[in-house]
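Me: Please take me through this model by asking what each label rests on. I would like every term set against its cut-off before a conclusion is drawn.

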Amino acid sequence: TEFKNILSPEEYHKLLTHFKLDQQTANEQNNLYFDTASGQLKEAHAALRLRLTPSYAHLTFKQKFNSAQSKEVTDSLPLPLGQTIWQTGQLEIGPHVQEALVELGIEPADIQILGRFHTKRLSGEWQENTLVLDACHFPNFNDFELEMESPDSLEEAEKAFHRFLSTYHIPRRPSKQKVARMLLSDALYSFKTQSLKKGGRE
């Protein structure tokens, strides 16, 4: 069971300090999403993503049929090929992903870039729950996201999540999937920077 919450920059850095997480050790991921010009993948509740890290390149097709059933296939690509796709946008598709696209009646040649983003991910532990802190760099803005993964039942996990937010004085700010945020022109929430002037008038 997992819950997600958008963090302010200040909240994000306070959590890094409290849990002794070092940004230099973050796992870095580049994510490149694809679709056809007419949005055939989105229409089929599917997504096609290249995930590129310093150590691997994976091309993944996901399709959701309903809340309980989904399909996911991944082709591992040679790292240099993944880097070339990231730089040029020229997609080379592996056999498993190609089969999934053909089943939907989608020609691989019709696939084009939908968008891209970069994530720096750090993980920690809190009361037997896994905390994931993501610094996300989207085309139009950056944001910070907290994800809590819990081994407990949905009800107990939700209680633990709200207890965590309360303990660290973090307001509840529901998030959206990263691929949805990637397409936004503005961040889900805006955070005012502290003004240097206090109570003065112009």
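**Labels and their grounds**

Reply: His 13 has its place in helix α1, residues 9-18, where helices (H or I, at least four residues) and strands (E, at least two) are DSSP runs numbered from the N terminus. This is a predicted model in which local features need pLDDT of at least 70 and side-chain atom pairs count only at pLDDT 80 or more, while totals for chains, interfaces and linings use all residues. Residues are numbered from 1 along each chain as its sequence is written, and side-chain values use heavy atoms, with hydrogens and water left out.

Me: Why is His 13 called partly exposed?

Reply: Buried means under 20% relative accessible area, exposed means over 50%, and partly exposed is what lies in between, with a 1.4 Å probe and protein chains only. His 13 has a relative accessible area of 38%, so the term partly exposed applies. Leaving aside neighbours within four places in sequence, His 13 is in contact (heavy atoms within 4.5 Å) with Gln 23 and Phe 144.

Me: What makes Phe 164 buried?

Reply: The relative accessible area of Phe 164 is 0%, which falls under the limit and therefore makes the residue buried. Phe 19 is buried as well.

Me: What makes the pair of Phe 164 and Tyr 168 tilted?

Reply: Their ring centres are 4.7 Å apart and their planes stand at 45 degrees, so the pair is tilted. Phe 19, Trp 126, Phe 164 and Tyr 168 form one aromatic cluster, and by this rule the count comes to nine aromatic pairs.

Me: How do you know that β2 and β3 pair?

Reply: Two strands pair if DSSP finds at least two bridges between them; β2 and β3 have five bridges in the antiparallel sense, so they pair. Leu 32 stands opposite Leu 50 in β3. Seven bridges join β3 to β4, again in an antiparallel run, and a hairpin of four residues connects these two strands.

Me: What makes β3 largely enclosed by the rest of the structure?

Reply: Five of the seven residues of β3 are buried, so the strand is largely enclosed.

Me: Why do β1 and β5 stand at the edges of the sheet?

Reply: Eight strands form an open sheet in the order β1-β8-β7-β6-β2-β3-β4-β5, with antiparallel pairing. β1 (2-7) and β5 (70-77) each have a single partner strand, so one side of each is left without a neighbour in the sheet.

Me: Which strands does helix α5 lie across, and how is the angle to β1 defined?

Reply: Helix α5 (residues 154-167) lies across β1, β6, β7 and β8, and runs at about 20 degrees to β1. Axes are lines fitted to C-alpha atoms, for helices over the stretch in contact, and angles run from 0 to 180 degrees between N-to-C directions.

Terms used:
Phe/Tyr/Trp six-rings, centres within 6.5 Å; stacked < 30°, edge-to-face > 60°.
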